[in-house]
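Please look over the sequence and the model together before reading on. The report below moves from the whole chain to single residues.

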Amino acid sequence: MTDSLIRALVEAIHSTPTQAVLYFSGGASQALGWLASVPGASNTVLEVIVPYSRMSMIQLLGKVPVQFTSKETAEDMALVAYNRALKLSKPGSPVVGVGFTGSLATTRPKLGDHRFYLSTRTSNRLWASSVTLSKGLRTRDQEERVSSQVLLKAIADACKVQSSITFVSDLTEDEVPDVSEQYFEEDQELEQLIEGKICFKIFPFLNGTQASNGERKVILSGSFNPLHDGHLKLLEVAMSLCGGGYPCFELSAINADKPPLTVAQIKDRVKQFEKAGKTVIISNQPYFYKKAEIFPGSAFVIGADTAARLINPKYYGGNYENMIETLLGCKRTGCTFLVGGRNMDGVFKVLEDFDIPNELKDMFISIPVDKFRMDISSTEIRKGRDCK
């Protein structure tokens with residue numbers, strides 16, 4: 001494959017909306033150079049990590065691989081990269097996680113095969129390929145080049161590149177890739193989320209009047225059982241106070257003190273947002289300090305009752321210092337909390353009614369009562385339904 005064809009393929013990749021995180025070890029290093037040397041790389045590449053050492057790979061995957069150079073390890077790398085891409089990507093952008101691990105020619109003769117494994121993971125597709133190279137046919141540089149070609153084509157396929165470019169790698173007729181591919185239905189994606197394999201799934205029901213004005217998410221979290229006008233109005237006001245951003249609701253499939261939602265329950269609640277034309281994110285994190293990790297830099301919209309719990313040491317094992325450190329961790333991610341007034345035990349409370357620790361005060365922003373007050377709750381709506 002000529003350099004001009006490689007450049008054309010990279011340009012096609014950069015022209016797609018897909019953003020990528022790449023983790024590779026033991027080969028395909030030229031692919032990064034190709035991606036980075038063509039203008040538009042920042043449209044595509046979110047992060048690249050090369051976990052070359054044993055400990056680096058173990059820390060990346062959070063476990064010791066059965067075999068470091070294997071299809072399973074490449075798939076694990078791709079899944080970790082996919083979750084990372086979800087956290088780093090522009091709101092609503094399609095993402096791909098890429099994993100590559102290889103055992104190529106080195107300074108000393110190898111007893112085993114020269115081989116490499118690569119995998120890509122998108123929201124609904126897991127693709128993997130294994131290639132065994134003809135031993136002694138190429139130098140290390142040549143093996144790097146051919147493995148980089150195969151990896152680049154895999155990235156292009158994951159980005160759904162529509163191109164007239166004819167891709168022909170430098171693999172020989174005997175070096176046939178062993179390819180596997182698995183597609184996921186929506187129910188399977190949600191099951192993976194509940195099991196903790198993926199960190200969240202976005203349903204971008206964003207209508208034309210809600211155009212994004214920046215990468216920062218403005219998130220209203222809740223159970224939304226049901227979604228009501230108070231939720232919609234609160235997020236609208238929060239958006240005006242933030243001066244723009246990407247408005248979205250967030251529902252955790254995992255509850256702190258209740259069983260997880262079922263796939264059917266999640267889909268029923270998602271339908272409300274589709275009908276309203278509002279984006280909703282389904283996560284598996286019930287706690288805000290964990291939400292801050294997967295949605296860094298976001299503005300969370302909460303009620304006064306939630307704010308009261310956030311600054312109550314009772315919910316941190318009764319330890320005030322633990323509470324401060326946990327919330328400072330949220331602050332370090334760049335997250336803030338916009339607090340709306342709420343009826344609490346028959347009394348309407350606002351942010352100013354609470355004693356916020358000095359080191360946390362700039363994290364909390366009050367939503368003025370004249371901007372938003374709506375004495376309605378999902379609980380009251382459900383009670384009203386039950387009485388009918």
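## The chain as a whole

In this predicted model, the protein contains 13 helices and 15 strands, and its C-alpha trace spans about 80 × 45 × 40 Å along the principal axes. Of the 388 residues in the protein, 49% are buried. When contacts between residues at least 6 apart in sequence are considered, 74% of them join residues at least 24 apart.

The accessible surface of the protein comes to about 18800 Å², and carbon and sulfur atoms account for 49% of that surface. As for charge, the protein carries 44 positive and 44 negative side chains, and the centres of these two sets lie 3 Å apart.

The largest nonpolar core has 70 residues, and the members that touch the most other members are Phe-249, Ile-282, Val-301, Leu-310, Phe-337 and Phe-364.

Helix H2, which covers residues 29-37, has Ala-31, Trp-34 and Leu-35 as its buried residues. Seen down the axis of H2, these residues fall within an arc of 95 degrees, so they line one face of the helix. On the other side of H2, Ala-36 and Ser-37 are exposed. The buried residues of H2 are covered by elements that include helix H1 (3-14), strand S1 (19-25), helix H3 (41-44), strand S2 (45-49) and helix H6 (140-158).

Helix H4, made of residues 54-61, has the buried residues Met-57, Ile-58, Leu-60 and Leu-61. Around the axis of H4 they cover an arc of only 160 degrees, which puts them on the same side of the helix. These buried residues pack against S1 and helix H5 (71-88). After H4 comes Gly-62, which has a positive phi near 75 degrees.

## Backbone features in two loops

Most residues other than glycine have a negative phi, and most peptide bonds are trans. Against that background, the loop between strand S8 (217-221) and helix H8 (229-242), where Pro-226 is found, deserves attention. The peptide bond from Asn-225 to Pro-226 is cis, with omega near 10 degrees. Phe-224 also has its place in the loop between S8 and H8, and although Phe-224 is not a glycine, it has a positive phi of about 50 degrees.

Another residue with a positive phi is Asp-345, whose value is near 55 degrees although it is a residue other than glycine. Asp-345 is found in the loop between strand S13 (342-344) and strand S14 (347-349). Are Phe-224 and Asp-345 buried or exposed? A residue counts as buried under 20% relative accessible area and as exposed over 50%. Phe-224 has a relative accessible area of 1%, so it is buried, whereas Asp-345, at 84%, is exposed.

## Two buried positions in strands

Lys-217 is found in strand S8, and because its relative accessibility is 7%, it counts as buried. What does Lys-217 touch, not counting residues up to four places away in sequence? Its contacts are Ser-89, Pro-91, Tyr-246, Cys-248, Ile-281, Phe-295, Ser-298 and Ala-299. Lys-217 and Tyr-289 are 72 residues apart along the chain, and their C-alpha atoms are separated by 16 Å.

Gly-99 has its place in strand S3, which covers residues 95-103, and with a relative accessible area of 0% Gly-99 is buried. Leaving aside neighbours within four places in sequence, Gly-99 is in contact with Tyr-23, Ala-74, Met-77, Ala-78, Tyr-117, Leu-118 and Ser-119. Gly-99 and Leu-360, which are 261 residues apart along the chain, have C-alpha atoms separated by 39 Å.

Key. Residues are numbered from 1 along each chain as its sequence is written. Side-chain values use heavy atoms; hydrogens and water are left out. Buried means under 20% relative accessible area, exposed over 50%, partly exposed in between (1.4 Å probe, protein chains only). Helices (H or I, at least four residues) and strands (E, at least two) are DSSP runs, numbered from the N terminus. The arc is that of the directions from the helix axis to the C-beta atoms. Contact means heavy atoms within 4.5 Å. A nonpolar core is a set of buried Ala, Val, Leu, Ile, Met, Phe, Trp, Tyr and Cys residues joined through side-chain atoms within 4.5 Å. Accessible areas come from the Shrake-Rupley method with a 1.4 Å probe; for residues, only the protein chains shown count as cover. Lys and Arg count as positive and Asp and Glu as negative; His and the chain ends are not counted. The place of a charge is taken as NZ of Lys, CZ of Arg, CG of Asp or CD of Glu.
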